[in-house]
Structure formats: structure tokens, C-alpha cells
Amino acid sequence: MAVNDTSCELRFDDSLCVKLIEEGDKKNEREIEASLGQQQPRRQINDRRLKPPPLPQQQDQKKSCFVAVTIALCILAVIVLGALVVAGVAMHKSNVLNQAQMTDLGQALRDQLRLELQAQFHTVYTRWGNSTCPPTEGTSTLYKGLMAGHHTKPSNQITDYNGGTNFQCLPQENVEYALPSSPGIQGNNTIYGAEYRTSINPDSDLNNIPCAVCLVNSRTVTRMIPAQTTCPSNWRREYYGYLMAQNHDYSTYECVDVGMEIVPGTARQEGVAVLVHVEASCNGLPCHPYNEGKELTCVICSI
């Protein structure tokens with residue numbers, strides 16, 4: 001509460017009056033500061049209340065801007081993802097192509113090596129009963145000729161005839177001699193043309209037999225298998241036919257082509273090597289699977 005000068009003059013002395021006046025001034029200052037402190041928050045509240053709210057148009061613009069930015073980010077993400085997918089597909093195709101190229105290159109090298117190795121190996125066989133070699137891969141005809149052997153002696157003949165037991169494929173053309181022939185020299189051997197004795201192919205009966213010597217590249221072994229018309233697994237059949245040998249005498253067994261080709265103009269000649277069919281006998285052979293008196297087959301196989 002304020003103290004005026006009059007009361008001070010009436011009741012107190014000068015020093016006390018000054019002191020009271022100073023205390024009154026301080027009290028007034030505190031009341032004024034308190035009053036100002038209460039009014040300041042109200043002014044701030046009033047300032048906020050007086051601030052106008054944002055307009056709807058501004059809110060729409062902010063929303064549109066946010067949507068546009070979101071869409072742009074989504075489009076960018078899709079573009080980046082698409083580029084990554086395309087790059088991955090291209091890389092995969094490149095890897096597949098490289099693998100295919102490497103596979104093709106490896107196969108080509110293996111084929112080349114196989115051909116080079118095969119060129120170093122070959123085998124030779126004689127095709128009896130045919131003047132040409134089979135049209136199989138890698139097979140060629142060295143020469144064609146005539147089947148020949150020693151004379152077949154009659155069943156009632158006691159005198160032994162000279163000659164070998166195996167058959168030869170004599171060249172049909174371009175016979176070459178190293179020395180001139182000398183007639184009258186004794187102690188010689190004679191070779192004769194061979195002819196069929198067969199009832200299986202009557203058109204070939206009593207005709208001479210042709211032959212061909214065949215070269216097979218990329219093969220190392222040829223084998224005649226009797227009583228078969230097919231070859232084992234991984235073997236190739238060159239030809240098949242009938243097992244035949246010389247009549248009334250010792251000779252090798254040969255596989256004569258099933259076609260039984262003949263040499264034209266050689267029917268019913270005398271003094272020849274005679275080939276007949278070979279038949280199985282149950283005397284020493286099991287009658288199953290062999291049949292008594294049935295002509296045996298044969299096959300020529302290579303590998």
C-alpha cells in the first residue's frame with residue numbers, strides 16, 4: 001500500500017519517511033511486474049487466436065504436391081526395377097549362350113579328335129558271294145574278284161589233289177606277274193574257281209562265286225560269327241548270309257552273302273572248287289537250339 005508524504009511528515013521523521021517511500025516504490029514495482037506477467041500469456045494466446053487458418057486451396061496444393069512426388073518416386077522405382085530385370089535377363093542369356101558355345105566347341109573338338117583317331121585305324125575283310133562292299137560308313141572296296149580254291153575231288157577219288165585249304169579272292173582284272181610263265185614245270189599247285197552247290201537259291205546253283213575285299217576305316221576288328229544273323233551290342237553288321245565250306249574235302253568255313261551273287265557265264269564248269277552249305281548235326285551238338293540238317297547262317301561284324 002502506498003504511503004503519501006503528508007502522513008510521513010505528521011508521524012515520522014525524515015529518514016523513516018524516505019525508507020517507507022522506497023519500500024512503497026518497490027512494492028508498486030512488484031505489483032506492476034506481476035500485472036504485466038499475467039497479461040503477456042493472454043496476449044500470446046490472443047495472437048494465436050488472431051492468426052488465420054490455412055485456406056482449403058493451400059491444403060489441396062500440398063496434397064497434390066505430395067501425391068505427385070509419390071507417383072514420381074513410384075515410377076522411378078519401377079524404371080529402376082525394370083532395368084535391373086532386363087540386365088539380369090540379358091546376363092542370363094549371355095551365360096546360356098556362352099555355355100552353349102562352349103558345349104558346341106567341346107563337341108566339335110571331340111568329333112575332330114575322334115576322326116583323327118579313327119583315321120589311324122582300319123580293318124579289312126572279304127565279302128564272299130558279292131562283288132561289292134556294303135554301303136556302310138567308312139567302307140570302301142579295295143578290289144573285286146573271284147572266289148577260288150583247290151579242286152574238289154570226287155567222293156570215289158582216292159588220289160589226293162594238291163592245294164591249300166583256305167579260299168582266296170583272286171582279282172578279276174589287271175592280273176600282274178612278276179616272272180614270265182614257264183610251261184612244263186612239274187610239282188606245281190593249281191587253284192580253281194569256286195561254285196555254288198545250293199538248293200536254297202536255285203538261280204545261283206552251279207555258278208561261280210564272286211568276292212570283294214573291303215576296307216573299313218575307323219574299325220579295328222572284324223569277326224565272322226556262325227549261327228547268327230545279328231551282331232553283338234556296339235558292333236556293326238557288315239553283311240550276313242550262309243555258312244559254307246568245300247564239298248568232300250577239308251577247307252575253311254566261309255560266310256557267303258545271303259544274296260549269292262554269281263559270276264555271269266560260268267555255269268556248270270568242270271574241275272572246280274565246290275562250296276556247299278554247312279548243316280548242324282546232333283552228334284555232339286545239342287539239338288536245342290540247333291536243328292539236325294538245317295543250314296547254318298553267319299554274320300560279319302566290325303567294331
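This is a predicted model: local features need pLDDT of at least 70, side-chain atom pairs count only at pLDDT 80 or more; totals for chains, interfaces and linings use all residues.

A: C133 has a relative accessibility of 10%, and because buried means under 20%, C133 counts as buried. Its partner in a disulfide is C214, with an S to S distance of 2.0 Å. C214 is also buried, at a relative accessible area of 0%. The torsion about the S-S bond of C133 and C214 is about -100°, so this disulfide is left-handed. C133 is located in the loop between β1 (122–128) and β2 (139–149), whereas C214 belongs to strand β5 (residues 210–217), so the pair ties together parts that are 81 residues apart in sequence.

A further disulfide joins C231 to C301, again described by an S to S distance of 2.0 Å. Here the torsion about the S-S bond is about -95°, so the disulfide of C231 and C301 is left-handed. C231 is found in the loop between β6 (222–226) and β7 (236–246), and C301 in strand β10 (residues 297–302); the pair therefore ties together parts that are 70 residues apart in sequence. C301 counts as buried, with 0% relative accessibility.

C282 and C287 also form a disulfide, and their sulfur atoms are 1.6 Å apart. C282 is partly exposed, with a relative accessible area of 25%. C287 is likewise partly exposed, at 45%.

The count of disulfides in the model comes to five; among them are C133 with C214, C231 with C301, and C282 with C287.

Note on methods. Residues are numbered from 1 along each chain as its sequence is written. Side-chain values use heavy atoms; hydrogens and water are left out. A disulfide is a pair of cysteine sulfur atoms within 2.5 Å. Helices (H or I, at least four residues) and strands (E, at least two) are DSSP runs, numbered from the N terminus. Buried means under 20% relative accessible area, exposed over 50%, partly exposed in between (1.4 Å probe, protein chains only).
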